Amino acid sequence: MSPAARGRWGRTPTHPVVVAPGERVLAAATSVEGTVLAGTRDAFYVVVDGESRRVPWEQVEAAHWDRDTDLFTLSEVGAWGDLRPVHTATLGEPGRLLELVRERVTASVVLQRHVTVDGRRGVRVIARRAPAGSGGVQWVYEYDEGVDPDDPAVRSAAREALEVMQRDVGLP
């Protein structure tokens, strides 16, 4: 790791994390439970009992750290109706990991718009891609609480918003 990267993101982890070819760990933390969390330019890694899971940044739906309980939660993008993978860990010393997660997830969002379908509730249409710019754009719908994605009016509003956004930015 270069000295510049080490200074920006923190130290390399004390527990090695095996990452994809061409990647290197920029920040890592070990939870109270022994789970190792790490981030590279391209993905977030969760290592539990020696088993590693790679989550590309554009597949991270949300991440949150509760300062009062030290609980870090990261949820993955999922399909409507399916359980989404959620990773939790108690981080007494998160180091630079939280900053890296915020920066990389934000970098994966190309465009997002909220379309109202009922009062204030609606659907958010989000365009995401790998922060490195590789690969295509992935379009995702995120529904507000109480909005039924099977409702024809909701489907129509979401589809129309997607088409407008794709035209606006010239992305498929």
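## Model and confidence

This is a predicted model, in which local features need pLDDT of at least 70, side-chain atom pairs count only at pLDDT 80 or more, and totals for chains, interfaces and linings use all residues. Residues are numbered from 1 along each chain as its sequence is written, and side-chain values use heavy atoms, with hydrogens and water left out.

The protein chain has a mean pLDDT of 88, with 91% of its residues at 70 or more; pLDDT is the predictor's confidence in each residue, from 0 to 100. Over residues 1–13 the pLDDT is below 50, and this stretch has 26 contacts in the model beyond near neighbours in sequence. Contact means heavy atoms within 4.5 Å.

## Strands and sheet

Helices (H or I, at least four residues) and strands (E, at least two) are DSSP runs, numbered from the N terminus. Two strands pair if DSSP finds at least two bridges between them. Strand E1 (residues 27–30) pairs with strand E2 (residues 36–39) over four bridges in the antiparallel sense. Within this pairing, Ala29 stands opposite Leu37 in E2. The two strands form a hairpin with five residues between them, and Gly34 in the turn has a positive phi of about 100 degrees.

An open sheet is formed by three strands in the order E5-E6-E7, with antiparallel pairing. E5 and strand E7 (86–90) stand at the edges with a single partner strand each, so one side of each is left without a neighbour in the sheet. From one strand to the next, the twist averages 10 degrees; axes are lines fitted to C-alpha atoms, for helices over the stretch in contact, and angles run from 0 to 180 degrees between N-to-C directions. E5 and E6 are joined by six bridges, and Ala63 has Leu74 in E6 as its bridge partner.

## Nonpolar cores

A nonpolar core is a set of buried Ala, Val, Leu, Ile, Met, Phe, Trp, Tyr and Cys residues joined through side-chain atoms within 4.5 Å. Buried means under 20% relative accessible area, exposed over 50%, and partly exposed in between (1.4 Å probe, protein chains only). The largest core has 18 residues, and those with the most contacts inside it are Leu37, Phe44, Trp57, Phe72, Leu97 and Val101. E1, E3, E6 and helix H2 (97–108) each give two or more residues to this core. H2 gives the most, with five residues.

Leaving aside neighbours within four places in sequence, the contacts of Phe72 include Leu37, Phe44, Ala63, His87 and Val101. A second, separate core of 12 residues includes Val123, Val125, Met165 and Leu171.

## Aromatic pairs

Rings of Phe, Tyr and Trp (its six-membered ring) pair if their centres lie within 6.5 Å; planes under 30 degrees apart count as stacked, over 60 as edge-to-face and the rest as tilted. The whole structure has three aromatic pairs. The ring centres of Tyr141 and Tyr143 are 6.3 Å apart and the planes are at 40 degrees, so the pair is tilted. Tyr141 is partly exposed at 30% relative accessible area, and Tyr143 is partly exposed at 22%. Ring pairs also link Phe44, Trp57 and Phe72 into a cluster.

## Two loop residues with positive phi

Asp49 is not a glycine, yet has a positive phi of about 50 degrees. Asp49 is in the loop between strand E3 (43–48) and strand E4 (51–56), and is exposed at 77% relative accessibility.

Asp70, in the loop between strand E5 (60–66) and strand E6 (71–76), has a positive phi near 65 degrees. Asp70 is partly exposed, with a relative accessible area of 25%.
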